[in-house]
Amino acid sequence: MKLKSAYLTIPVSDYQRAVAWYGEHFGFRVVLEDPYYVEMQNESGIRILLHRNEHQLHSHFVYPDGAPQSSYGFIVEDAEAAYRYLQEQGVKVGEFFDYQGKSFSFYDPDGNFIEVWSLPEHA
């Protein structure tokens, strides 16, 4: 079996707010909407499924010490530029790391902690 791509399911409380936010910051557009989810895709073909969050869930997990850990993320060409952009847009971002590539995580309006990563130069 050959895998072609992947999608991310993101729990949200307000479809309209999430659609606008992911559209503005990451270029996603709605491709399908029904009562259970909104499917969005960006120009690179990445798909996200916004799922109504009726149980106060998040897409990340939390360690016993309270530190969040992203469960998935987006790969970009330049994580430093993405970090600056999101900061300038007022998006809450976590610490910037330079380990096995450059990365950071951000919080969306529903509190999901999602990673942004650029591959190491040798990859």
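The model is predicted. Its largest nonpolar core has 23 residues, and its largest pocket holds about 280 Å³ of space. The salt bridges come to 3.

**Nonpolar core**

- Within the largest nonpolar core, the residues that touch the most other members are Ile-10, Tyr-22, Ile-48, Leu-50 and Phe-106.
- At least two residues of this core come from each of strand S1 (7–12), helix H1 (15–26), strand S3 (37–41), strand S4 (47–52), helix H2 (79–88), strand S9 (102–107) and strand S10 (113–118).
- H1 gives the most to this core, namely 4 residues.

**Largest pocket**

- The largest pocket, of about 280 Å³, has 15 lining residues.
- Nearest its centre lie His-25, Phe-26, Asn-42, Phe-74 and Val-76.
- H1, strand S7 (73–75) and H2 each contribute at least two residues to the lining of the largest pocket.
- H2 has the largest share of that lining, with 3 residues.
- By class, the lining of the largest pocket consists of 10 nonpolar, 4 polar and 1 charged residues.

**His-25**

- With a relative accessibility of 10%, His-25 counts as buried, because the cut-off for buried is under 20%.
- Apart from neighbours within four places in sequence, His-25 is in contact with Tyr-85, Leu-86, Gln-89 and Val-91.

**Second largest pocket**

- The volume of the second largest pocket is about 180 Å³.
- Its lining is made up of Pro-68, Gln-69, Ser-70, Gly-94, Glu-95, Phe-97, Ser-103, Phe-104, Ser-105, Phe-113 and Glu-115.
- Strand S6 (68–69), S9 and S10 are the elements that give two or more residues to this lining.
- S9 supplies the largest share, 3 residues.
- The lining of the second largest pocket has 4 nonpolar, 5 polar and 2 charged residues.

**Salt bridges**

- Arg-17 and Asp-110 form a salt bridge through their side chains, with an N to O distance of 3.1 Å.
- This pair joins distant parts of the chain, 93 residues apart: Arg-17 is in helix H1, and Asp-110 is in the loop between S9 and S10.
- Arg-17 is partly exposed at a relative accessible area of 35%, whereas Asp-110 counts as buried at 16%.
- Glu-39 and Arg-47 form a salt bridge in which the closest N and O atoms are 2.2 Å apart.
- Glu-39 counts as buried, at 13% relative accessibility, whereas Arg-47 is partly exposed, with a relative accessible area of 31%.
- Glu-80 and Lys-102 meet in a salt bridge between their side chains (3.0 Å, N to O).
- Glu-80 is in helix H2 and Lys-102 in strand S9, so this pair ties together parts 22 residues apart in sequence.
- Glu-80 is partly exposed, at a relative accessible area of 33%, and Lys-102 is partly exposed at 26%.

**Val-62**

- Val-62 belongs to strand S5 (residues 61–62).
- Leaving out neighbours within four places in sequence, Val-62 is in contact with Ala-67 and Pro-68.
- Val-62 and Phe-113 are 51 residues apart along the chain, and their C-alpha atoms are separated by 10.0 Å.

Key
Residues numbered from 1 in each chain as written. Predicted model: local features only at pLDDT ≥ 70, side-chain atom pairs only at ≥ 80, totals over all residues. Heavy atoms only, no water. Core = buried A, V, L, I, M, F, W, Y, C linked by side-chain atoms within 4.5 Å. Buried < 20%, exposed > 50% of the residue type's maximum accessible area, 1.4 Å probe, protein only. 1 Å grid on protein atoms, 1.4 Å probe; cavity = no way out; pocket = protein on both sides within 12 Å on 5 of 7 lines; lining within 4 Å. Points joined across faces, edges and corners; volume = space filled by probe spheres on them. Nonpolar A, V, L, I, M, F, W, Y, C, P; charged D, E, K, R; others polar. Salt bridge = Lys/Arg side-chain N within 4 Å of Asp/Glu carboxyl O. Contact = heavy atoms within 4.5 Å.
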